[in-house]
Every structure is written in C-alpha cells, then in structure tokens.
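Good morning, and thank you for making time on the agenda. Please keep the sequence and the model in view while I go through a few places in turn.

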Amino acid sequence: MKTDFLNALNVCGLDFIRIKGKTLIERHKPLDDFTILRNKFGVYSCANRVINTKVTPHVEVEVDHRKSEKFLNFSSQDYLGLAQNEDVKNAVKNIIDEYGIHAASSPILTGRNKLTETLENKLAEKFKAEQCLLYPTGWAACFGVIASLVTELDYIIVDALSHNSLQVACKYSTSHVQKFRHNDLEHLEKLLKKRRESEPNAGIFVIVEGLYSMNSDMPDLKNVLRLVNKYEAILILDVAHDFGAMGQKGLGILETVENENLENVVICGSFSKSFASNGGFVVGQKVIRQQLIVFSPTYTFSNGISPMQSAAALKCFEIIFSKEGDVLRKKLKDNINFAIKEFNKNGFITNGIPSPIVPVHIGADDLARLMSKEIINQRLLANLAEYPGVPKKQAIFRFQLMSNHTQKQISDAVQRMKTAKEDAASTLKEIIEDTQVNVL
Ligand SMILES: Cc1ncc(COP(=O)(O)O)c(C=O)c1O
C-alpha cells in the first residue's frame, strides 16, 4: 500500500512513452494502471473534472458520487472574462439564427462564410499584415503554418520550451530541427550562424512564442528579429497567450516591435485564451496564402471554424480593441499584480514576469502532487504542471488570472494554497517517516 502511494507520488508519466507488446492490453495497461493508481490516491491533476456551471471565477465541480460543490476557479483560460459577456453571447445567439451552428465543410470547399472573411480582414488589419487565414483551433493554426511553409529541405531552430503544436509540427515537417536554450539569444545566434554558413541558400525558420505559459516569460523579440534578418531567416511567432490580453493596446509582444520590418515574419495564434472561442489564425504576407490553404493538413482536411466560434471571436475582437478592452486589460493587470504580491507575502515564489499565468513554484514533484489533492479538499482549482511539462523537481501550479476575479477571491486562493501546502508537507513527512521505520 505504502509503495503504491510512493509510486503514485513519484513515478513519471513519461516512463510509459516506450510502448511494448502486440496486444492493446499489453501495450496500454501499464499507463492505465498508473493512472488508476494516481486517481486512487487523489494525486492525478488531469482528473478530467466535470464543471456543471458557466466558466467564471466560481464554478460548480463534480466531486464524489456526482455531487457538485462550489470551487474557486483559477484554472480557466478566459483572461478577459469574455466567455460570459452578454454582448458576446448575444452575437452568438443572433448568428445561430442567421447561419446555424455548423460550417459543414472544409474551408477549401464550402466551409467559409461572410463572418470568416470579416474576421480575417480585421485580424490582418490589426497586425498590419496583408492577409489572415482562420483555422478551427489554435493548435491547428500553429501546427498548420509550420507544416505548410516548412519542407524537408528546410531547417528549423526552435525555442526549447515552445508549445506542443509547434514542436509536433517541427517533427512533422523536417528532420533538420535544432532547439535553442529557452530565450537564450546567444545560443540562437550560434546555431543560426553555423547553419547559414553551411547552408547559404536554404530556408531557415526560427520559431518562438510571445508568452511562454509554463514560465510566464517573453523573448527579446526585437533582438530575435535582428538575428532573423541578419541571417536571412524566417520567423514564426505564436502569440496565443499575449494577443488581446497584454500590452497597452492589446497587441501583446508585438508592441515591442511596432516599427520593425516584419516582412519575413508569420504570426499564428489562438482565440481560446482571450477571445472566448475555439479557433486560430495565421497572418502574414499574401504570397503565403495559397501555400497555407493547400498544404496545411489542419486547414485543407479539417472542417472550417463554426459560425458560432467566428461570431464570438468577432465580437470579442470588437470589445478587446475598444475602450472596454482597455478597462478589462487594466483590471486583469491589477489582478495579476495583486496575486503576485499576495503569493510572495505568504512565502510562495512566483516565476516570470506579470502575465495572466502566474506560475507558483513548488519544486518537489511528490509535494506538488500531494498539493494537487489538497487544493481539491480546499475547493480550489489551479493547474499542476510537473515533469516533463517543466524540468524535474521544478513543479509549479499555474494560476490563470481573469479580469473578473476579485481581490478577495485571489487572497482566498492564496490562503487555500498555503493550507494545502502545509497539509501536503505533513502528509509527506508521515509517509517518509513510516517508510524509514519499516525499513529499520
Ligand atoms: C502557445 C500556444 N499555442 C497554441 C495553443 C493551442 O491553442 P488552442 O487551445 O486554441 O488549440 C496553445 C494552447 O494552450 C498554446 O499555449
């Protein structure tokens, strides 16, 4: 029993990546058993919780025996709180009457409509780009842009902490992939220089994000661009987290390069963080449009973004880039700063820069897993990120802030975290002492 508990706290999911055997049972039982074990001890953070209410700072979550209880929610990506905005909801209701609920085709056939086109034009204009293409999800956009623009003859140099959609696309597109150390521009330059010297005429792609969600940090984009131009490379920038929610005007990291030449930059992003919808986009020069349309598997061979999602994103776009958007961003920023201050005041270390994701450092994986159980006892939702999502022994809880959290909810959450940490630490101490006694 004790060994089981220790395994549930310490064995890593990555240990199950090498699948062996011929039958489904042989191949998949080890991971299934491990998941059952973690769930048995309540230390599995991806426990597929069922939410029975709207996504707001308070949500009803199913606990034992299908009973729902009220939880404080810091686990949703709705940074500007627009998922429950009445104007957004009405826009969607009206569009359902006009267009129905389903795009019902790939966008290369009949899956596009007037809304798709309007939203594409607005995004292109906002990014001062020549064109934009919408995808059904952010993942599809980020994967699709790389999968279509990069071929096996090209070279990729990607930030080591880039999102799964970007990394999977790199693997799919070419075997010539190198990772540079996270945000380390010296390393990036070293790799770029070497590659350009050995391949004077090849396509070289640099891939970075606007805001990294595990660390809450941003690249020095101005200098990334300088290097990209110096070595005649092409930059792909994923602005999923910062676009809409950060910056004076909601343009996120792009506000740091407003006067730069973005001719060889392609931007991809998502609606799922600030635009209250599924969906993604790719913006850039006109000349790439046909390449994207014909060669992104996630565009060409996937159903178009639904009219409801386009309508939600379009209304959010209107709000985000209006005075109301400025107010929401200010509220969000105040909440972020308040949360960081509260966590620090109560002995927690927070990583990175102020952003809608506040990573609260815990460290040891066993303590963090036990805390993921204790925060449920505390009726608090926040996401545990453990190895391999973050380096070993650097587990964090990601607190996702929204503009509609109150300061009271934030300080309550910090207190609940404090209790959860104390309770988890004493349970851990007991287990370790017990194990030592047994060994003696
Ligand atoms: C940096 C980044 N890019 C892309 C995506 C995918 O976006 P979506 O969830 O909208 O598919 C995510 C999602 O978390 C992300 O964090």
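Ser 372 sits in helix H13, residues 365–377; helices (H or I, at least four residues) and strands (E, at least two) are DSSP runs, numbered from the N terminus. This is a predicted model, in which local features need pLDDT of at least 70 and side-chain atom pairs count only at pLDDT 80 or more, whereas totals for chains, interfaces and linings use all residues. Residues are numbered from 1 along each chain as its sequence is written, and side-chain values use heavy atoms, with hydrogens and water left out.

Is Ser 372 buried or exposed? Its relative accessibility is 7%, so Ser 372 counts as buried; buried means under 20% relative accessible area, exposed over 50%, and partly exposed in between, with a 1.4 Å probe and protein chains only. Its side chain reaches the backbone oxygen of Arg 369 at 2.6 Å. That is a polar contact, meaning a pair of N or O atoms within 3.5 Å; within protein, one must be able to donate a hydrogen and the other to accept it, and residues adjacent in sequence count only if both atoms are side-chain atoms. Leaving aside residues up to four places away in sequence, Ser 372 touches Gly 42, Val 43, Ser 45, Leu 384 and Phe 397, where contact means heavy atoms within 4.5 Å.

Phe 397 leads us to the nonpolar core. A nonpolar core is a set of buried Ala, Val, Leu, Ile, Met, Phe, Trp, Tyr and Cys residues joined through side-chain atoms within 4.5 Å. The largest one has 98 residues, and Leu 123, Phe 281, Phe 397, Phe 399 and Met 417 touch the most other members. Beyond four places in sequence, the contacts of Phe 399 include Phe 74, Phe 343, Ile 357, Leu 380 and Met 417. Apart from this core lies another, of 26 residues, among them Ala 141, Leu 149, Val 282 and Tyr 299.

I turn now to the ligand. Which residues come nearest to the ligand? They are Asp 238, His 241, Ser 270, Ser 272 and Lys 273, out of 13 residues around the ligand; a residue is near if one of its heavy atoms lies within 4 Å. Helix H5, residues 138–149, supplies the largest share of this shell, 3 residues. A polar backbone atom of Gly 138 is 3.2 Å from an oxygen atom of the ligand, and a backbone N or O atom of Trp 139 lies 2.8 Å from an oxygen atom of the ligand. On the side-chain level, a polar atom of Asp 238 lies 2.6 Å from a ligand nitrogen. On its own the ligand has 390 Å² of accessible area, of which the protein covers 84%.

Finally, the backbone. Most residues other than glycine have a negative phi, and most peptide bonds are trans. Ser 216, in the loop between strand E6 (204–209) and helix H8 (221–230), has a positive phi near 55 degrees. With a relative accessible area of 0%, Ser 216 is buried. Ala 276, in the loop between strand E8 (265–270) and strand E9 (280–284), has a positive phi of about 50 degrees, and at 27% relative accessibility Ala 276 counts as partly exposed. The peptide bond from Tyr 387 to Pro 388 is cis, with omega near 10 degrees. Pro 388 belongs to the loop between strand E13 (383–385) and strand E14 (395–400).

Conventions:
Areas by Shrake-Rupley, 256 points an atom, 1.4 Å probe, with all protein chains shown as cover.
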